[in-house]
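Thanks for coming, everyone. Please have the model open on your screens.

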2 protein chains.
Amino acid sequence: MNVKGTRDFLPEEMILRQQALEKIKNVFEIFGFQPLETSALETWEVLSKKGAGGDEILSETYSFKDKGERMIGLRYDLTVPLARVISDNPNLPLPFKRYQIGNVWRYGDVAKARFREFLQADVDIVGSESLLADAEVIACAIECFNALGIKEFYVRLNNRKILNEILRLSKISENKFTDILRSIDKLDKISTDDVIKEIENKGISKDSIKKLLSYTKIKGEPEKVFKEIEELEGLNELKEIISYLKSMKLNSKVKIDLSLARGLDYYTGPIFEVFAEQGIGSVAAGGRYDKMIGLFLGRDIPATGISLGIERIMEVIKERKIIEMTKSKTKVFVIAVNDRLRNKILEIVQMLREKSIKVDYDLRSRTLSKQLEYASSLGIPFAVIVGERELKEKSVKIRNMKTGKEEIVSINQLAKKF
Amino acid sequence: MNVKGTRDFLPEEMILRQQALEKIKNVFEIFGFQPLETSALETWEVLSKKGAGGDEILSETYSFKDKGERMIGLRYDLTVPLARVISDNPNLPLPFKRYQIGNVWRYGDVAKARFREFLQADVDIVGSESLLADAEVIACAIECFNALGIKEFYVRLNNRKILNEILRLSKISENKFTDILRSIDKLDKISTDDVIKEIENKGISKDSIKKLLSYTKIKGEPEKVFKEIEELEGLNELKEIISYLKSMKLNSKVKIDLSLARGLDYYTGPIFEVFAEQGIGSVAAGGRYDKMIGLFLGRDIPATGISLGIERIMEVIKERKIIEMTKSKTKVFVIAVNDRLRNKILEIVQMLREKSIKVDYDLRSRTLSKQLEYASSLGIPFAVIVGERELKEKSVKIRNMKTGKEEIVSINQLAKKF
């Protein structure tokens with residue numbers, strides 16, 4: 001039995017995941033991101049750095065003492081390890097554009113599609129304060145979803161500076177900002193009335209809440225929103241990002257949404273979320289965090305990035321049947337009509353494999369029909385049947401497993417058929 | 001700082017690892033193995049199953065209580081999780097040929113090239129008692145090393161049945177077999193005299209040891225060894241495996257070695273090890289384990305497999321400079337001669353990226369020469385320089401970063417150049 005909240009990926013699922021991840025990795029590299037890998041284990045000192053993950057995540061972190069009595073834990077995201085890597089390698093050429101695809105662990109509620117071990121795929125740009133960098137990670141995320149063939153999605157874009165400004169304009173005191181942002185973040189998850197109640201319980205006046213909600217309901221096409229609101233600190237940054245995305249012809253995928261808050265404390269500027277329609281919700285999220293690396297390095301380095309939630313993305317791909325599922329990548333199953341031909345078929349198998357063709361054969365001395373059944377159950381598209389009679393003429397039979405069509409082919413010509 | 005015994009892989013190292021793993025994965029699939037992934041976490045019940053990992057490994061396992069007070073741990077290999085998967089999925093079509101590439105964790109001595117988090121790449125065949133299956137995993141391993149370009153290696157082949165037979169012939173009592181095998185396993189690591197002392201200390205007579213060592217020194221080309229010794233239980237199995245490898249034209253890479261014992265208790269038949277020459281040692285090892293899955297499932301299913309030690313393999317690749325190292329996979333760095341062209345170059349960048357070309361550009365408003373320096377420091381092969389004058393004629397300049405050669409190219413023709 002698996003540890004609760006963790007899973008195995010059998011070949012059928014795994015082949016699908018590999019295909020999706022291959023597409024994502026390819027887009028990451030097209031956008032100039034380079035691969036990084038960090039350890040699953042981090043010291044507790046790193047994981048618990050104030051201003052990094054936050055208390056809520058820490059309470060969900062798998063932690064334990066190693067045999068040297070040092071507290072260590074399993075990483076809960078890929079951003080904190082990145083900040084540590086930057087601090088451990090101060091001479092990396094900047095900007096450092098890296099991607100990392102890896103598991104993270106959180107000991108949370110095991111609800112539908114919430115796992116305790118799950119895969120994230122992150123791109124981050126460290127060392128650029130330019131909003132080009134934010135546009136770059138947003139564009140990269142958009143192109144990932146395009147490459148995956150997930151059509152019904154859009155990017156929600158906001159700015160922590162705007163949120164701070166509207167909190168100030170709503171006369172909410174600064175020490176409550178983080179707490180109130182966490183309530184605002186729930187606007188697309190629970191009812192507005194429930195959010196109002198929650199904010200009231202945090203000691204905010206009805207007038208303040210009214211003012212606040214008059215801002216957070218502002219959302220829509222950038223051009224429309226930009227006309228609607230004239231002046232707000234941080235709005236210019238969004239305009240600049242949109243202008244870059246326009247040059248990349250990707251602006252049509254973006255909506256401004258002043259209700260987007262994102263839970264994490266460390267964001268300092270633009271924040272964004274990829275939202276899949278038809279009831280899926282957030283499938284990627286990120287933002288600018290110019291102060292977080294400083295916690296590790298001792299001096300600030302600006303950074304921005306986005307994290308793709310692979311488990312949700314895989315759900316979308318499976319539900320919408322975007323990629324066809326298959327149980328095997330094998331192309332050809334070679335069958336001997338009797339056991340005497342065992343060594344002979346090994347020669348044929350090896351000849352095909354040397355041409356990089358994915359080939360398998362029977363390892364259980366089964367009958368011809370059982371072997372065909374097995375190949376068929378795995379969805380292998382071709383069988384090569386080796387019989388005494390054909391062999392005498394240096395030929396074999398190819399059977400198309402889908403159509404049942406068969407043809408005799410000379411062994412010399414066999415590899416060319418696949 | 002990293003947790004002791006764990007590492008980060010910066011892009012230069014990571015690109016190399018990706019290239020090597022891609023080759024290995026490709027050979028695995030050519031041999032008909034399908035991908036499987038299991039969780040890093042396993043229950044303590046699974047990890048500590050008697051006859052699976054063994055006490056020595058268990059003492060090196062990262063284990064801890066989860067918040068529900070259940071003992072869990074990080075997997076120490078990929079074989080025990082496979083046995084659990086087979087037991088959890090009793091209806092998988094057999095034989096089940098799977099590969100898994102993943103990290104394992106062991107809290108051991110941090111000596112040279114021994115890490116506490118390290119990558120293994122395993123192929124196993126579950127559900128075939130045929131020696132074809134053993135030949136298949138050995139052949140697959142040989143072809144992996146061929147594909148990696150690692151030339152100086154050979155496979156050491158032995159059989160637990162032979163070892164048991166020679167222990168019996170040496171009049172060693174059965175309850176000491178496992179313990180003595182562990183000493184024999186050291187014959188290629190410490191001096192023969194030290195091994196003799198160790199076995200003596202285990203209460204074995206000088207005569208027995210002499211007899212035993214007269215067998216364990218038998219090694220060499222299969223044909224030669226087969227002539228040398230006439231009758232030993234399990235020898236026929238090796239002859240059969242060699243005959244299959246001969247049909248695959250891979251027998252020249254295999255040597256019989258009666259001193260090969262392999263530490264793990266669970267092997268029941270042929271055992272094998274890929275040995276890299278020039279002081280590297282074991283880079284892959286495996287064998288047949290027909291009784292292990294039964295510990296989990298309750299009924300025996302025969303199995304055989306091999307595990308490639310990726311960390312050692314990477315050392316060989318780096319030391320022998322088999323794959324060229326590079327800091328970036330980016331092919332083109334697009335440069336604007338001034339900041340006014342910023343949005344313009346985004347159009348060009350996006351145009352190239354849409355053709356799947358790996359493209360990057362400046363995110364720090366640096367001068368032309370600083371940008372060229374950055375691209376050069378990452379080993380990016382081409383720069384595209386966008387200037388006002390060329391733009392008027394819908395052209396840009398391509399610079400070969402290695403030769404310094406430049407040419408003017410129309411923007412329409414640009415993508416075709418890469």
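Where is the place of A:Ser130? It is in a loop of chain A, between strand E6 (117–126) and helix H5 (131–148). Keep in mind that this is a predicted model.

Buried or exposed, or something in between: what is A:Ser130? A:Ser130 is partly exposed, because 19 other C-beta atoms lie within 10 Å, and a buried residue needs 20 or more. Now look at what A:Ser130 touches. Leaving aside neighbours within four places in sequence, A:Ser130 is in contact with B:Leu363, B:Arg364 and B:Ser365. Those partners carry the letter of chain B. For a distance within chain A, take A:Leu213. A:Leu213 and A:Ser130 are 83 residues apart along the chain, and their C-alpha atoms are separated by 30 Å.

That brings us to the two chains together. Two copies of a chain are related by a rotation about an axis and a shift along it.

Next, the contact between the chains. How many residues take part? On chain B, 68 residues are in contact with 68 residues of chain A. Helix H1 (residues 11–30) of chain B gives the most to the chain B side, with six residues. By class, that side has 29 nonpolar, 21 polar and 18 charged residues. And both copies use the same surface: 100% of the contact residues of chain B recur in chain A.

Let's zoom in on one pair of helices across the chains. Two packed helices are described by the angle between their axes and the distance between the axes. Helix H11 (residues 235–247) of chain A packs with helix H14 (residues 342–354) of chain B at an angle of about 40 degrees. Their axes are 8 Å apart. That angle makes H11(A) oblique to H14(B). Which residues meet there? From H11(A) come A:Ser243, A:Tyr244 and A:Ser247. From H14(B) come B:Asn343, B:Leu346 and B:Glu347. The residues of this contact divide into two nonpolar, three polar and one charged.

Now the inside. In soluble globular proteins, nonpolar side chains tend to be buried together. In this model, the largest nonpolar core has 240 residues. Which members touch the most other members? They are A:Ala141, A:Val334, B:Ala141 and B:Val334. Take B:Val334. Not counting residues up to four places away in sequence, B:Val334 touches B:Ile345, B:Ile348, B:Val349, B:Val359, B:Tyr361, B:Val384 and B:Val386.

Over in chain A, find A:Val386. A:Val386 sits in strand E15 (residues 382–386). A:Val386 is buried, because 23 other C-beta atoms lie within 10 Å. Leaving aside neighbours within four places in sequence, its contacts include A:Val334, A:Ile345 and A:Ile348.

Back to chain B for helix H6 (residues 160–169). Its buried residues are B:Arg160, B:Lys161, B:Ile162, B:Leu163, B:Ile166 and B:Leu167. What do they pack against? Strand E7 (153–159), helix H7 (177–184), helix H9 (206–216), helix H11 (235–247) and strand E10 (270–276) of chain B. Just after H6(B), B:Lys171 takes a positive phi of about 60 degrees.

That leads to my last topic: backbone exceptions. Most residues other than glycine have a negative phi, and most peptide bonds are trans.

A:Ser365 has a positive phi of about 50 degrees. A:Ser365 lies in the loop between strand E14 (359–361) and helix H15 (368–377) of chain A. With 15 other C-beta atoms within 10 Å, A:Ser365 is partly exposed. B:Lys321 also has a positive phi, near 50 degrees. B:Lys321 is exposed, because 8 other C-beta atoms lie within 10 Å.

And the cis bonds? In chain A, the peptide bond from A:Leu94 to A:Pro95 is cis, with omega near -5 degrees. A:Pro95 lies in the loop between helix H4 (79–88) and strand E5 (96–105). In chain B, the bond from B:Leu94 to B:Pro95 is cis too, with omega near -5 degrees.

Conventions
Residues are numbered from 1 along each chain as its sequence is written. Chains are lettered from A and ligands numbered from 1 in the order in which they are written. This is a predicted model: local features need pLDDT of at least 70, side-chain atom pairs count only at pLDDT 80 or more; totals for chains, interfaces and linings use all residues. Two residues are in contact if their C-beta atoms, placed from the backbone, lie within 7 Å. Helices (H or I, at least four residues) and strands (E, at least two) are DSSP runs, numbered from the N terminus. Ala, Val, Leu, Ile, Met, Phe, Trp, Tyr, Cys and Pro count as nonpolar, Asp, Glu, Lys and Arg as charged, and the others, Gly among them, as polar. A nonpolar core is a set of buried Ala, Val, Leu, Ile, Met, Phe, Trp, Tyr and Cys residues joined through C-beta atoms within 7 Å. A residue is buried if 20 or more other C-beta atoms lie within 10 Å of its own, exposed if 12 or fewer, and partly exposed in between; C-beta atoms are placed from the backbone. Axes are lines fitted to C-alpha atoms, for helices over the stretch in contact, and angles run from 0 to 180 degrees between N-to-C directions. Angles under 35 degrees count as roughly parallel, over 145 as roughly antiparallel, 65 to 115 as roughly perpendicular and the rest as oblique.
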